[in-house]
Amino acid sequence: MSDWPLLSLVTFLPLVGAAFILFIRGEPEIVAQNSRSVALWTALVTFLLSILVWANFDPAQPGFQMVEKSPWLLGLGVNYYVGVDGISLWFVLLSTLLTLICIIGSWHSVQERVKEYMIAFLVMTTLMVGVFVALDIVLFYIFFEGILIPMYLIIGIWGGPRRIYAAFKFFLYTLAGSVLFLIAILVMYFETGTTEIPRLMTADFDPSLQRWLWLAMFASFAVKMPMWPFHTWLPDAHVEAPTAGSVVLAGILLKVGGYAFLRFSLPMLPEASEYFAPLVFALSVIAIIYTSLVALAQTDMKKLIAYSSVAHMGIVTIGIFTPNALGIAGSIIMMLSHGLVSAALFMVVGVVYDRIHSREIAAYGGLAERMPVYATVFMLFMLASVGLPGTSGFVGEILVIVGVFSVNGWVALLAASGMILGAAYMLWLYRRVIFGALTKDSLKAIRDMRANEVIAFAPLVVLVLLMGIYPQFFLDPMAASIDQLLARTVPGAEQLAMQ
Amino acid sequence: MTAAMTDLVPALPEVFLFVAGLVLLFLGVFRERDGLAIVNPLVVLTLLVAAVLTIGIDKGPVVAFDGHFVFDGFAAFLKVLIYVSAALGVMMAPAYLADERMGRFEFPVLALFATLGMGMMVSANSLLALYMGLELQSLSLYVMAAFQRDSTRASEAGLKYFVLGALASGMLLYGASLVYGFTGTLSFEVLARRFLVGEGAAGLPAGAVVGLVFVIAGMAFKLSAVPFHMWTPDVYEGAPTPVTAFFAAAPKVAAMGLVLRLLFQPFGDWAAQWQQVIVLVSVASMILGAFAAIGQTNIKRLMAYSAIGHVGYALVGVAAGGVAGVNAVLVYMAIYVVMTLGTFACILLMRRHGRYVEGIADLAGLSRSRPGMALALGILMFSLAGIPPAAGFFGKLYVFLAAVDAGLVWLALVGVLTSVVGAYYYLRIVKIMYFDEPAEAFDSMARPELHGIAVLAAVLVAGFLLLPGPLLSSAEAAARALLP
């Protein structure tokens with residue numbers, strides 16, 4: 001089993017499924033049904049394969065595992081080179097899981113152009129998994145940029161009324177950031193003669209060059225994260241995207257930026273990362289407080305969650321640039337938790353949107369009466385988003401806050417205060433939507449969740465609770481990799497595995 | 001074998017093209033009524049045979065015809081590219097020509113002679129041979145541009161092309177005469193040897209530098225690089241679509257090949273003299289190509305601005321120089337030709353109620369009426385925009401890498417930023433095809449050659465990353481042949 005190209009299988013199986021769907025012909029109804037089935041099975045097998053990756057993973061080893069390497073771009077020395085370590089492993093699992101959940105979740109809600117939808121989704125899965133397994137920076141960039149194409153189509157074809165504006169803004173905004181990253185890649189290649197990530201991690205760049213490279217990368221990753229003030233594309237894209245599109249955007253695409261900070265900025269440019277850490281802290285604190293206040297004022301549920309994502313990502317960037325074991329572990333847990341929770345919250349909105357076709361908070365009220373299961377699920381994820389102990393959100397936040405406290409007490413204080421605001425807008429949202437009297441006529445006949453919706457939520461519920469109650473399950477496999485990352489970034493840093 | 005006969009061997013593909021051209025001209029004259037139907041496939045076949053012959057003969061390098069002609073790995077790469085893309089261009093033409101009632105057999109024969117001129121251009125080893133090849137190509141293209149005699153738009157395009165083209169040829173000739181006057185030679189080899197940089201070498205006379213700038217200006221016209229691009233949008237729009245498709249592919253490759261050989265062989269040691277000119281032209285082309293295309297509503301005109309932009313990107317590689325730069329330009333041009341031919345095959349399929357349409361808005365909702373065509377065109381648009389994983393990205397990757405290697409980081413920066421601006425208008429086409437409400441469907445046409453070329457181009461562009469080896473290794477061999 002171990003000599004199978006397991007990672008390539010996980011990466012490219014969805015693409016094979018997409019190619020298969022492309023050739024489905026026949027009556028529109030049958031095509032739609034078959035496309036759904038093929039997509040579901042592909043996603044399921046991909047997820048099971050990624051579980052196999054997890055089972056084969058050796059947590060004691062800090063380096064990259066299940067490495068595959070073969071020559072690719074001649075003359076450049078760029079190889080097809082993939083592998084996972086304790087950090088990327090979790091993101092691979094998150095990507096395959098969310099894809100599966102999205103396909104189940106959009107079983108009924110997507111009725112138009114189902115075939116194209118499933119193709120776009122599966123292609124996107126390949127690109128997302130590819131981003132996290134790529135060990136060559138050019139290969140990474142190709143996946144990183146390639147995601148824009150299916151996402152552009154998903155927002156533009158299946159999105160809301162202002163979908164075209166949102167799709168263009170999403171594409172051009174992120175592309176503009178990314179191209180500077182490309183220049184940084186070329187300069188790094190020119191300096192070191194390699195594009196392999198493990199070798200670039202040990203390269204010593206001149207400190208002044210590091211700063212330029214760092215800024216070029218920052219332009220790209222900060223837009224992807226997104227950090228304040230580069231976040232303006234996110235509310236538009238989230239609001240207009242169909243539910244599954246929002247789920248993937250919030251669940252995975254936002255994590256690509258954080259992952260890239262961890263993978264490139266910290267180990268490759270340690271001096272510049274230290275130099276610019278105050279900038280990151282400042283922007284992150286502004287993001288947490290400002291976007292929390294903006295979220296309070298929203299009348300659109302999706303927009304509110306979008307702004308809360310920006311705030312949560314602010315905590316992630318603070319954790320990454322602490323840089324100490326607690327902060328980094330916390331930021332990774334935070335990203336995974338946010339991946340599950342925000343994905344779930346967008347699906348929560350999607351459930352009622354499919355029934356009432358409104359995202360306005362004011363259109364709802366008193367749903368607890370008609371939808372008890374829904375109210376329970378919503379409550380769990382709302383509390384996880386707020387960071388209630390016992391849920392995944394708490395673990396990430398507390399680790400980051402403790403981590404940053406040893407670096408800068410003010411940042412810790414301000415970030416923690418942002419969380420109080422977070423509790424305010426989430427609890428208020430919940431009160432307005434779920435509690436109160438059910439007075440609106442449009443809601444009188446609303447149905448509780450369907451079976452496929454319950455199935456889609458179930459794994460998220462389990463994981464959010466597992467991560468909250470037994471975080472070691474997630475922390476142990478990543479400990480060795482984080483220690484190795486820190487050994488490169490901050491020589492003599494304390495080790496996570498020792499604690 | 002006599003001396004004259006050994007001279008013919010390296011020029012075998014061109015000799016074959018010439019003889020076949022004459023025979024086909026005769027054949028066409030005698031088959032008055034169905035001339036096009038017979039001559040067109042034969043021209044395609046002739047061009048493909050010439051490509052095969054090119055692969056077959058010894059890549060020496062061999063110099064022939066008293067040093068005026070050279071055949072080496074560099075010329076071989078470009079000739080194969082030119083002959084194949086010209087063959088595809090000719091293949092796309094006859095149905096449209098017949099539909100628009102200009103189905104005359106002279107069209108493919110003219111294309112054949114233009115292609116012969118291109119073959120001579122990339123094998124030119126002296127300024128005289130360069131001019132002869134260029135003029136054979138240009139004169140044939142002038143006639144092709146004005147082929148639709150009854151249309152004022154096409155005649156205007158032809159006339160414009162002719163007048164401005166003649167001006168450019170004049171500049172080139174004047175530049176060549178200056179170079180000759182100040183150096184006493186037209187031969188690339190002598191120029192390269194006599195003015196080597198280093199001890200005891202004579203510097204390049206100032207007059208020759210001025211001449212070189214004139215020659216570059218003349219060639220920038222053929223490349224449609226800014227500021228010599230003015231003819232491009234009008235000719236692309238006005239000329240019959242198959243002619244535009246032909247213009248957009250092979251002649252661009254030939255002109256780029258000519259620029260590479262001229263700048264890197266005779267004037268290779270004088271990069272400092274011409275690099276700034278190329279950088280300027282490149283930056284101007286990238287910027288104009290990105291911004292001017294935004295407001296276009298005619299897809300042929302849009303492709304003209306797109307061509308201007310792409311020439312700018314390719315020139316980044318020329319400015320960078322070295323094996324890496326030349327390699328990048330060759331890879332870029334090869335990918336560009338595939339994308340362009342595929343796009344024009346799609347444009348030729350745009351016909352509604354028996355009339356060909358050219359508006360971008362006519363593509364509205366194509367993803368519903370013609371999902372296959374929309375997918376192919378969509379892939380090509382993302383590739384033209386340079387978004388990975390499409391092939392267009394790799395072309396850009398190579399030229400920008402060469403630029404960074406040569407210390408021109410800022411030029412690569414301009415390149416990536418203009419490509420973001422350019423991405424907008426390619427995305428707009430995707431938006432119209434995929435997001436907009438469907439317009440009336442296009443006529444369904446049984447044009448297997450057009451469908452085939454569009455699908456082939458889309459597959460090549462999307463699948464390039466799976467098997468990049470053959471193109472990359474042959475381009476690198478060609479670049480090494482130019483710069484031993």
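Which residue of β2(A) stands opposite A:Pro71? Select A:Pro71 and look across to A:Asn79. The model is predicted: local features need pLDDT of at least 70, side-chain atom pairs count only at pLDDT 80 or more, and totals for chains, interfaces and linings use all residues. Residues are numbered from 1 along each chain as its sequence is written, chains are lettered from A and ligands numbered from 1 in the order in which they are written, and side-chain values use heavy atoms, with hydrogens and water left out.

**Stop 1: the hairpin in chain A**

Select residues 65-73 and 78-84 of chain A, which are strands β1 and β2. These strands pair in the antiparallel sense over six bridges; strands pair if DSSP finds at least two bridges between them. Helices (H or I, at least four residues) and strands (E, at least two) are DSSP runs, numbered from the N terminus. Four residues lie between β1(A) and β2(A) in this hairpin, and A:Gly75 in the turn has a positive phi of about 80°.

**Stop 2: B:Leu397**

Next select B:Leu397, in helix α18 of chain B. B:Leu397 counts as buried because its relative accessibility is 2%, where buried means under 20% relative accessible area, exposed over 50% and partly exposed in between (1.4 Å probe, protein chains only). Show its contacts (heavy atoms within 4.5 Å): leaving out residues up to four places away in sequence, B:Leu397 touches A:Leu73, A:Leu76, A:Val138, A:Leu182 and A:Leu186. Within chain B, a C-alpha distance of 8.9 Å separates B:Leu397 from B:Gly386, 11 residues apart along the chain.

**Stop 3: the second largest cavity**

On a 1 Å grid over the protein atoms alone, a cavity is a set of points where a 1.4 Å probe fits but cannot get out, a pocket is an open set with protein on both sides within 12 Å along at least five of seven lines, and lining residues have an atom within 4 Å of a point. The volume here is about 90 Å³, meaning the space filled by probe spheres set on the points, with grid points joined across faces, edges and corners. Helices α5 (137-146) and α7 (163-192) of chain A and α18 (391-405) and α19 (409-434) of chain B each supply at least two lining residues.

The lining has nine nonpolar, two polar and two charged residues. Ala, Val, Leu, Ile, Met, Phe, Trp, Tyr, Cys and Pro count as nonpolar, Asp, Glu, Lys and Arg as charged, and the others, Gly among them, as polar.

**Stop 4: the largest cavity**

The whole structure has 10 cavities of 30 Å³ or more, and the largest has a volume of about 140 Å³. Select A:Gly105, A:Ser106, A:Thr243, A:Met347 and A:Asp354, the closest to its centre among 14 lining residues. α14(A) gives the most to this lining, with four residues. By class, the lining divides into seven nonpolar, five polar and two charged residues.

**Stop 5: the second largest pocket**

Move to chain B and select B:Leu81, B:Ala334, B:Val338, B:Leu460 and B:Leu471, which lie nearest the centre of the second largest pocket. This pocket has a volume of about 800 Å³ and 31 lining residues. α4(B) gives the most, with eight residues. The lining has 25 nonpolar, five polar and one charged residues.
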